[in-house]
Amino acid sequence: MSMPPMPRRTGYAVLAALAAVVILVSTAIFIGLGGDNGGSDARAQGARGSAAPASAGAWVGTWSTSAAAAEPRTLRGGLSGMSIRNVVHTSIGGTSARIQLSNFYSNRPLTITHASVALAAAPSNPTAAAGTMRRLSFNNRTWVTIPPGKAATSDPVRLAVPDAADLLVTTYTPQASGSVTYHPHARQTSYMARGDRTEDTAGSAYTQQSPYWRYLTGVDVWSKQAEGAVAVLGDSITDGITSTAGANHRWTDFLSERLRSEPGAPRFGVLNQGISGNRVLSDGTQFPPNNPSGLSRFDRDVLSRTGVKAVIIELGVNDILRIPHQTDPNRIVWGLKRLTEQAHARSLRVIGATLTPFYGHRGYTPRLDAVREQINAQIRAGRVFDEVVDFDKALRDPVSPLRLRPMFDSGDHLHPSDDGYRAMARALNLDHLRGRTAAEL
């Protein structure tokens with residue numbers, strides 16, 4: 001039987017009621033996605049999980065480091081029964097966060113049963129700022145098992161992450177997990193505590209200090225302001241091994257400061273992928289290789305990072321200085337060109353650095369320095385990278401150009417001082433980071 005036609009006024013009322021229901025449901029969805037101010041109870045936050053914000057924005061890397069090797073003396077037991085509280089320094093902020101953990105250097109699965117992230121109450125301090133502790137989950141579980149040679153990314157959590165802030169990322173594993181994947185030259189104090197102290201807001205249990213980053217290889221934030229990230233592939237000069245510990249005085253930190261403060265600078269996160277002793281061409285000795293070459297780790301450490309829009313390469317000195325010495329400049333240039341080609345395949349432009357002076361260093365010989373000079377000549381001629389940052393010119397002594405300027409020398413005649421790292425950051429033309437398409441070399 002057919003229904004009689006609905007009166008027009010009644011129809012309008014029904015449509016209005018439906019619209020109201022849609023608005024209420026939409027509001028509930030937004031609140032369910034974490035429409036709070038970042039101060040909700042940590043356990044409730046962890047229990048319900050947290051999705052990406054509903055409003056416009058994108059994930060971008062704010063901090064990262066490269067898995068460099070297996071930590072010595074951890075092959076049998078790993079660090080079972082220990083809470084590891086890594087302290088890391090953000091470059092840009094956001095409204096949510098997620099982390100990446102790596103088990104690259106173990107031959108056994110790594111099970112993390114509890115993980116958290118929080119803001120540090122004070123720089124380099126293991127105490128969490130009030131109201132910022134968040135439990136992390138992985139695929140909506142509070143635990144994750146990472147196979148050997150693999151990595152895992154957490155689910156996002158709502159957390160107001162400031163620019164240039166210290167984060168505490170804590171993991172706990174109760175069982176032996178084989179060798180610990182670590183980055184040995186953090187230039188930052190992290191902490192450990194016995195037992196599961198993952199969500200302790202007080203730092204009193206964290207009585208063991210550590211100069212390493214363990215397991216943690218990345219932190220991303222959800223940002224409405226960021227344009228992307230710049231990933232820096234480098235050696236100990238980028239790793240910043242002679243910078244003041246805990247001060248965030250690596251040259252990449254000074255670059256991040258410029259990007260935050262200078263008018264018109266691109267709003268980029270800065271991802272430091274430096275490994276001390278790293279070479280363009282040669283891996284380390286074990287399997288998987290410790291200190292993997294720039295060529296072998298470029299995809300893992302640069303191209304796979306979140307939101308990368310530009311690449312800076314500072315590599316080549318160790319190919320010359322480390323045994324066996326690479327004395328053919330064209331071989332090193334060949335490797336640098338291959339890195340540029342890999343970036344071009346992802347439509348990324350590459351800024352490449354000239355090799356810096358090392359006269360007075362114990363490895364210096366005129367023959368090896370001649371190799372450096374020949375590589376720099378090809379870099380400056382535009383035959384290797386899309387753009388050039390001339391670190392050699394920025395750091396060398398005007399009176400004696402084969403050596404570092406004394407105020408920029410840390411004392412070993414190879415690595416810069418804090419002032420030298422600042423000079424490196426100043427040498428970069430920030431407009432070079434904005435290139436949209438790969439140049440023809």
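Trp-251 and Phe-391 are both buried, where buried means under 20% relative accessible area, exposed over 50% and partly exposed in between, using a 1.4 Å probe and protein chains only. The model is a predicted one, in which local features need pLDDT of at least 70, side-chain atom pairs count only at pLDDT 80 or more, and totals for chains, interfaces and linings use all residues. Residues are numbered from 1 along each chain as its sequence is written, and side-chain values use heavy atoms, leaving out hydrogens and water.

Let's turn to the aromatic rings. A pair of aromatic rings is described by the distance of the centres and the angle of the planes. Rings of Phe, Tyr and Trp (its six-membered ring) pair if their centres lie within 6.5 Å; planes under 30 degrees apart count as stacked, over 60 as edge-to-face and the rest as tilted. The whole structure holds seven aromatic pairs. In one of them, the ring centres of Tyr-182 and Tyr-212 are 4.8 Å apart and the planes meet at 90 degrees, so this pair is edge-to-face. Tyr-182 is buried, at 10% relative accessible area, whereas Tyr-212 is partly exposed at 23%.

Now back to Trp-251 and Phe-391: their ring centres are 5.1 Å apart with planes at 70 degrees, so they too are edge-to-face. Elsewhere, ring pairs join Phe-358, Tyr-359 and Tyr-364 into a cluster.
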